[in-house]
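The following paragraphs walk through one protein model, from its sheet to its cores and then to a few single residues. Please keep the sequence and the structure in view while reading.

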Amino acid sequence: MDLMANTLLSAGASPAMIHSVEEIPEFTPKALGVCINAGTLTPDWLPGMKLAAQVANQSKKPWVLDPVAAGGSSFRLKACLELLALKPSVVRGNGSEILALFKGCVDLNSKGADSVHGSSDAVDAAKSLAQQSGSVVAISGAVDYITDGDRVVCVHNGVPMLQKITASGCSVTALIAAFVAVDPSHAVEATASALAIFGVASEVGMDMARGPASLRTLLIDSLYGLDEATALGRVRINRL
């Protein structure tokens, strides 16, 4: 939560971390977008996650699902599939998470939040999942892929060391929610832009980093200080 909140703040967004079922009906309609993250999933938190999705839908606010380690356990997979059925605007996961949602079964080789599949391995599954769910589906990896079931957009920004920073994937999902909140009618473009900007910030930070801990801090600093010229000069997005 700390890295997600600081990522949003550094990008100019205003985050609020809400879990209580009692608060969600009043708080969610005030938000321009909602991010639902399954990382610290418990039976006590799941009703609040579902309610937040329902209230976001009723309020016509975009919401983004991060199905963290969806294939890691039966409980986690069932919860993520139930959230997916509530029609998120965007789903962002790594290759293994997207494949688990598409197949609807636990992955016996799962390593939790760590992907055992490359992002390119899940492109066809992501297209099918987008067509079935109506959501834009994004796969993070060495190359990020974003699809609405028809178009496939590729983002070629980022650094491998992001894999060594806990919640880097969660943070880019939060950034996607902020971008989609600004332009909900262009969810593919907003998602690709968020992934690219986050990747550029990591590249700028990596120029000065000595390891994962310093990159974590420099990522936030770089995102905060990113200017238009640097972004336009370094963003690498194309269609597949």
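Contact here means heavy atoms within 4.5 Å. Helices (H or I, at least four residues) and strands (E, at least two) are DSSP runs, numbered from the N terminus. The model is predicted, so local features need pLDDT of at least 70 and side-chain atom pairs count only at pLDDT 80 or more, while totals for chains, interfaces and linings use all residues. Residues are numbered from 1 along each chain as its sequence is written, and side-chain values use heavy atoms, with hydrogens and water left out.

Begin with the sheet. It is open and has 7 strands in the order β1-β2-β3-β4-β5-β6-β7, with mixed pairing; two strands pair if DSSP finds at least two bridges between them. At the edges lie β1 (34–37) and β7 (237–239), each of which pairs on one side only. On average, neighbouring strands are turned by 20° against each other, direction ignored. Axes are lines fitted to C-alpha atoms, for helices over the stretch in contact, and angles run from 0 to 180 degrees between N-to-C directions. Helix α8 (residues 187–206) packs on the sheet and touches β3, β4 (136–140), β5 (144–147), β6 (152–155) and β7; the direction of α8 makes about 20° with that of β4.

Within the sheet, β2 (residues 63–66) and β3 (residues 90–94) run parallel and are joined by 2 bridges. V64 has V90 as its bridge partner in β3. Buried means under 20% relative accessible area, exposed over 50% and partly exposed in between, with a 1.4 Å probe and protein chains only.

Next come the nonpolar cores. Such a core is a set of buried Ala, Val, Leu, Ile, Met, Phe, Trp, Tyr and Cys residues joined through side-chain atoms within 4.5 Å. The largest one has 37 residues, of which I36, W63 and I98 touch the most other members. Two or more residues each are given to this core by β1, α3 (46–58), β2, α4 (74–84), α5 (95–103), α6 (123–133), β4 and β6. Helix α3 supplies the largest share, 6 residues. Leaving aside neighbours within four places in sequence, W63 is in contact with V34, I36, A53, A56, N57, L83, L86, K87, P88, S89 and V90. A second, separate core of 33 residues includes L175, A190, A192 and F198.

Buried in α3 are L46, G48, M49, A52, A53, V55 and A56. The buried residues of this helix pack against α2 (24–27), β1, β2 and α4. After α3 comes K60, with a positive phi near 60°.

L46, in helix α3, counts as buried because its relative accessibility is 10%. Apart from neighbours within four places in sequence, L46 is in contact with L41, F75, A79, E82 and L83. Its C-alpha atom is separated by 26 Å from that of A122, 76 residues apart along the chain.

Two further residues make polar contacts through their side chains. A polar contact is a pair of N or O atoms within 3.5 Å; within protein, one must be able to donate a hydrogen and the other to accept it, and residues adjacent in sequence count only if both atoms are side-chain atoms. S119, in the loop between α5 and α6, counts as buried because its relative accessibility is 7%. A polar atom of the S119 side chain lies 2.6 Å from the backbone oxygen of V143.

T147 is in strand β5 and counts as buried because its relative accessibility is 3%. A polar atom of its side chain lies 2.9 Å from the backbone nitrogen of G149, and one lies 2.7 Å from the backbone oxygen of R151.
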